[in-house]
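Trainee: I am new to this structure and would like to learn how to read its features. Could we go through them one at a time?

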Amino acid sequence: SVFPFLSGCRKYDRKLDFNYFFKTEPEKATIDFLECLNNKDPGYIYDHLLPAKDRNNVSKEKFVEEFLDILSDVEKIEVGRTFYLGYEDNMSKVVVEFQVEYKNGEIKQYKKYMYLIKENDEWKVAFERTFI
């Protein structure tokens, strides 16, 4: 790949890539997570962004099926700004602003706190903390 620092789910938009390059690792994981949702690729999330203990609790098939179901009325997800809020209790916290365009034409803005944990030198989304 021309951009080895980009994950499998990223869009290759130059402006975005330049900004992405200077983000913290937890922010990159957050952006990757949302890009994977936008690309309807929950399998990548399962393999790369889900902590081991969560993978032990749910099969990849079930995880993918549930996410594709959730995403069935979503047309597009666009990531806006991310802010790294720091590290505490063995977790990093990122706030992300994003826009979801639904298949019915509705567009909604969201702001979400994402919690990430480091596992084997990679940042993973702490699902139980992020999606309570």
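Predicted model: local features only at pLDDT ≥ 70, side-chain atom pairs only at ≥ 80, totals over all residues.

Trainee: How many helices and strands does the chain have, and in what order do the elements run?

Mentor: The chain has 6 helices and 4 strands. Starting at the N terminus, the order is α-α-α-α-α-β-β-β-β-α. Of its 132 residues, 42% count as buried. Among contacts with a separation of 6 or more, 45% are between residues 24 or more positions apart.

Trainee: How do I read the packing of helix 2 against helix 3?

Mentor: Two packed helices are described by two values, the angle between their axes and the distance between those axes. In this model, helix 2 covers residues 25–38 and helix 3 covers residues 42–49; their axes come within 8 Å and cross at roughly 155°. Helix 2 is therefore roughly antiparallel to helix 3, since an angle over 145 degrees counts as such.

Trainee: Which residues make the contact?

Mentor: Helix 2 contributes Ala29, Asp32, Phe33, Cys36 and Leu37, while helix 3 contributes Tyr44, Ile45 and Leu49. By type, the residues of this contact are 7 nonpolar, no polar and 1 charged.

Trainee: What about the aromatic rings?

Mentor: A ring pair is described by the distance of the centres and the angle of the planes. The count here is 8 aromatic pairs. In one of them, phenylalanine 21 and phenylalanine 22, the centres are 5.3 Å apart and the planes stand at 90°, so the pair is edge-to-face. Phenylalanine 21 is partly exposed, because its relative accessibility is 41%, whereas phenylalanine 22, at 58%, is exposed.

Trainee: How are the rings of phenylalanine 63 and phenylalanine 127 arranged?

Mentor: Their centres are 5.9 Å apart and their planes are at 70°, so this pair is also edge-to-face. The pair links distant parts of the chain: phenylalanine 63 belongs to helix 5 (residues 60–70) and phenylalanine 127 to helix 6 (residues 127–130), 64 residues apart. Both phenylalanine 63 and phenylalanine 127 are buried. They also belong to one aromatic cluster, made up of Phe33, Tyr46, Phe63, Phe67 and Phe127. Phe33 was named above as part of the contact of helix 2 with helix 3.

Trainee: Which charged residues sit over rings?

Mentor: Lysine 93 lies over the face of tyrosine 113, 4.7 Å from the ring centre. The charged end of arginine 129 is over the ring of tyrosine 115, at 4.2 Å from its centre.

Trainee: What is there to read in the backbone of lysine 40 and aspartate 89?

Mentor: Most residues other than glycine have a negative phi. Lysine 40 is not a glycine, yet its phi is positive, about 50°. It lies in the loop between helix 2 and helix 3, and with a relative accessible area of 30% it is partly exposed. Aspartate 89 is likewise not a glycine and has a positive phi of about 55°.

Trainee: Where does aspartate 89 lie, and is it buried or exposed?

Mentor: Aspartate 89 is in the loop between strand 1 (74–88) and strand 2 (91–102). It counts as exposed because its relative accessibility is 64%. Its C-alpha is 9.6 Å from that of isoleucine 117, and the two residues are 28 apart in sequence.

Notes
Residues numbered from 1 in each chain as written. Heavy atoms only, no water. Axes fitted to C-alpha atoms, helices over the stretch in contact; angles between N-to-C directions. Helix = DSSP H or I, 4+ residues; strand = E, 2+ residues; numbered from the N terminus. Parallel < 35°, antiparallel > 145°, perpendicular 65-115°, else oblique. Contact = heavy atoms within 4.5 Å. Nonpolar A, V, L, I, M, F, W, Y, C, P; charged D, E, K, R; others polar. Buried < 20%, exposed > 50% of the residue type's maximum accessible area, 1.4 Å probe, protein only. Phe/Tyr/Trp six-rings, centres within 6.5 Å; stacked < 30°, edge-to-face > 60°. Lys NZ or Arg CZ within 6 Å of the ring centre and 35° of its normal.
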